[in-house]
Amino acid sequence: MFVILEIICVSMLMHSLPYHKRKLVNLSNSISGYFFDNKTKFNSYFSLMEENQKIIEHNKLLMSKLYSIDNDSISYYSLNDKSYDTIYKFIPARVINNSIYHTNNYILLDKGKKDGITVDMGVICNDGIVGKIANVSNNYSTVISLLHPYTIVSAVFTDNQHIANVCWDNKDYRFGLVKDIPYHLEPKKGDTLVTSGFSNIYPPNIMIGTIEEMYENNSDVFSMAKIRFSTNFSTLRNVYIIKNIYQSEIDSLTNNIQNYE
């Protein structure tokens, strides 16, 4: 009886006070993260060959982009050039738990506050976008997956730069919806969508997916299409957390604008 009453009290406390709720969520992340971390370390040995091949292919792509620059610019963009400045920094992380079959899907990563991770940072992988950071403890963080009804991504078509919004269809982890397509556009199967860069979460030109099929249009303004995500969430192992080094400056300006409204 004591244990039952204790559980009820903790539950009431968690749902009534935001501070306690956040602390309990972070504690839960730390405990579950420890067990999932060890489980993932064991399972990761069976996918090392596949992961190494992906890393090789990704490095090959980076090197081809690097040396496609003219000779006068190569030294400036050298990977060893410590003075090279960029808006975004990428923090590698490992997936230690991932859900893809629920309505609200989350991902647990092995990076936390001690690694400089904060809420609302974007997360990507070699193949495309993954989601954004929702909660952070000292050693772990949870990600609101792209496979979540609250996730909406600002996107552009690569061939014409028209803007649209991408979200999940709440059905299959492989597919989503492209909404708010201008009526006069006629996307075709295979057309590519990337991030627009209009939000502070993702840099521009991060792969999202390709058009799978167009849906029947019942609007005179916008149309809708089915998209195949470039990220394979069922085999997700390694990701990059995106840090915008000017985020605090951007937030300050945004808050000042809101104060004048």
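**Exercise 1. Classify Arg 174 by its relative accessibility and find its charged partner.**

Solution. Arg 174 has a relative accessibility of 38% and therefore counts as partly exposed, the class that lies between buried (under 20% relative accessible area) and exposed (over 50%), with a 1.4 Å probe and protein chains only. The next step is the partner: the side chain of Arg 174 meets that of Asp 172 in a salt bridge, at 2.8 Å from N to O, where a salt bridge is a side-chain nitrogen of Lys or Arg within 4 Å of a carboxyl oxygen of Asp or Glu. This is a predicted model, in which local features need pLDDT of at least 70 and side-chain atom pairs count only at pLDDT 80 or more, while totals for chains, interfaces and linings use all residues. Residues are numbered from 1 along each chain as its sequence is written, and side-chain values use heavy atoms, with hydrogens and water left out.

**Exercise 2. State which strands the salt bridge between Glu 212 and Arg 228 ties together.**

Solution. The side chains of Glu 212 and Arg 228 meet at 3.3 Å, N to O. Glu 212 lies in strand β10 (residues 207–214) and Arg 228 in strand β11, so the pair ties together parts that are 16 residues apart in sequence; strands here are DSSP runs of E with at least two residues, and helices are runs of H or I with at least four, numbered from the N terminus. Arg 228, at 33% relative accessibility, counts as partly exposed.

**Exercise 3. Describe the surroundings of Thr 231.**

Solution. Begin with position: Thr 231 sits in the loop between β11 (222–229) and β12 (238–244), and at 4% relative accessibility it counts as buried. A polar atom of the Thr 231 side chain lies 2.9 Å from the backbone oxygen of Ile 129. Beyond neighbours within four places in sequence, the contacts of Thr 231 (heavy atoms within 4.5 Å) include Cys 125, Asp 127 and Leu 236. Of these, Cys 125 is itself buried, at 9% relative accessibility.

**Exercise 4. Decide where in the chain confidence is lowest and where it is highest.**

Solution. Start from the whole chain, whose mean pLDDT (the predictor's confidence in each residue, from 0 to 100) is 80, with 70% of its residues reaching 70 or more. Confidence is lowest in helix α4 (residues 71–74), at a mean of 36, and highest in strand β5 (residues 141–145), at 97. Over residues 66–85 the pLDDT is below 50, and this stretch has 13 contacts in the model beyond near neighbours in sequence.

Conventions
A polar contact is a pair of N or O atoms within 3.5 Å; within protein, one must be able to donate a hydrogen and the other to accept it, and residues adjacent in sequence count only if both atoms are side-chain atoms.
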